[in-house]
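Please read this briefing alongside the sequence and the 3D view, which are shown just below. The points that follow are grouped by topic.

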Amino acid sequence: MGKPIITTNVPGCKELIINGENGFIVEVKNPEELYEAMRKALQIPSAQRIKMGLLSRKLVEENYSIPKVIPQYLKILEEILSQRPV
């Protein structure tokens, strides 16, 4: 969506963030840290928020687009099937 991201420090989410550049990573179950990240995000000038959002989108497109992900899934599937007894 091209937006700055606030996410928790868990696998599958934290890999999308360059902390402070395209969003913020907060610790799980830490409402104070979440509040602080939200406060920071709201105080960022509009031009910087737009820049952060563009970087978020670029990172997703480069690393998680269908042309990147499907070949990885197929490779895993081929490995699984090659190990399966006939």
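**Ser56 and its surroundings**

Leaving out residues up to four places away in sequence, Ser56 touches Lys3, Pro4, Ile5 and Asn22. The model is a predicted one, and the points below should be read with that in mind.

- Ser56 is part of helix H2, which covers residues 46–64.
- With a relative accessible area of 4%, Ser56 counts as buried, because the cut-off for that term is under 20%.

**The nonpolar core and Met52**

- Six residues make up the largest nonpolar core, namely Phe24, Val26, Ala37, Ala41, Ile44 and Met52.
- Strand S2 and helix H1 each supply at least two residues of this core.
- In soluble globular proteins, nonpolar side chains tend to be buried together.
- When neighbours within four places in sequence are set aside, Met52 is in contact with Pro4, Gly20, Glu21, Asn22, Gly23, Phe24 and Ile44.

**The loop at Lys29**

- Lys29 sits in the loop that runs between strand S2 (23–26) and helix H1 (31–43).
- Although Lys29 is not a glycine, its phi is positive, at about 55°.
- Most residues other than glycine have a negative phi.
- Lys29 is exposed, and its relative accessible area is 82%.

**Helix H3**

- Helix H3, residues 66–83, has 18 residues and spans 26 Å from its first C-alpha to its last, which is close to the 26 Å expected at 1.5 Å a residue.
- Of the 18 residues of H3, one is buried, so the helix lies largely in the open.

Definitions and conventions: Residues are numbered from 1 along each chain as its sequence is written. This is a predicted model: local features need pLDDT of at least 70, side-chain atom pairs count only at pLDDT 80 or more; totals for chains, interfaces and linings use all residues. Side-chain values use heavy atoms; hydrogens and water are left out. Helices (H or I, at least four residues) and strands (E, at least two) are DSSP runs, numbered from the N terminus. Buried means under 20% relative accessible area, exposed over 50%, partly exposed in between (1.4 Å probe, protein chains only). Contact means heavy atoms within 4.5 Å. The expected span of a helix is 1.5 Å times one less than its number of residues. A nonpolar core is a set of buried Ala, Val, Leu, Ile, Met, Phe, Trp, Tyr and Cys residues joined through side-chain atoms within 4.5 Å.
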